[in-house]
Amino acid sequence: KELRDSLAREKHLKLHLDALSEHSEQLSLIKEHAEEYFENKRMYHFVKDGFVSYELFISEGCQALYIADIFVSLKARGGNAFKELLKFCLDTEVTHGVKIAYAKTEKQNKYLPNLHRMYERIGFKIIREDDTDIYYRLDV
């Protein structure tokens, strides 16, 4: 029985290692894509059940932040993950000397009304709008 349990654990561990290896390759592709495709280095900050992707760059002679994506898992919505991600973004004023923050929402995003209210609540202003997107700016 011990041998059978040990073999079962070993098989289970191998499955997890294989999955990690597969995901590692996928994560490497995402990283390569982010480094090659975007003008500025795309970075990620993770919290339990969510992440923000962002870029730091110089705009108007000062450090700026572009919030590219904020994602929280369905199971964690309504919890603290979103607040933690927003806090991380706002803390870039101190951690990276950010003076300007930018964000964009796609008009087809089903969460647009919530995102719009959230951006307004923390001080973002609409700077322009086109057929597909709304662009925001926050002077920190």
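Select strand β1 (residues 42–47) and β2 together: 6 bridges join them, and they run antiparallel. Strands here are DSSP E runs of at least two residues, helices are H or I runs of at least four, and both are numbered from the N terminus. Two strands count as paired if DSSP finds at least two bridges between them. This is a predicted model, in which local features need pLDDT of at least 70 and side-chain atom pairs count only at pLDDT 80 or more, while totals for chains, interfaces and linings use all residues. Residues are numbered from 1 along each chain as its sequence is written, and side-chain values use heavy atoms, with hydrogens and water left out.

**The hairpins**

Show M43 and look across to β2: its bridge partner there is Y54. Go to the hairpin of β1 and β2, with 2 residues between the strands; D49 takes a positive phi near 70°.

Now select β2 on its own, residues 50–59. Because 8 of its 10 residues are buried, β2 is largely enclosed by the rest of the structure. Buried means under 20% relative accessible area, exposed over 50%, and partly exposed in between (1.4 Å probe, protein chains only).

Pick out G50, whose bridge partner in β3 is V72. F51 stands opposite F71 in β3. In the hairpin of β2 and β3, which also has 2 residues between the strands, E60 has a positive phi near 55°.

**The whole sheet**

Zoom out to an open sheet of 6 strands, ordered β1-β2-β3-β4-β6-β5, with mixed pairing. β1 and β5 (125–129) are the edge strands, each pairing on one side only. From one strand to the next, the twist averages 30°.

Turn on the helices. α2 packs on the sheet and touches β1, β2, β3 and β6 (133–139); its direction makes about 170° with that of β3. α3 also packs on the sheet, touching β3, β4, β5 and β6, with its direction at about 165° to that of β4. Axes are lines fitted to C-alpha atoms, for helices over the stretch in contact, and angles run from 0 to 180 degrees between N-to-C directions. Contact means heavy atoms within 4.5 Å.

Center on I70, in strand β3 (residues 62–72). I70 counts as partly exposed because its relative accessibility is 22%. Beyond its neighbours within four places in sequence, I70 contacts F51, V52, F82, L85 and L86.
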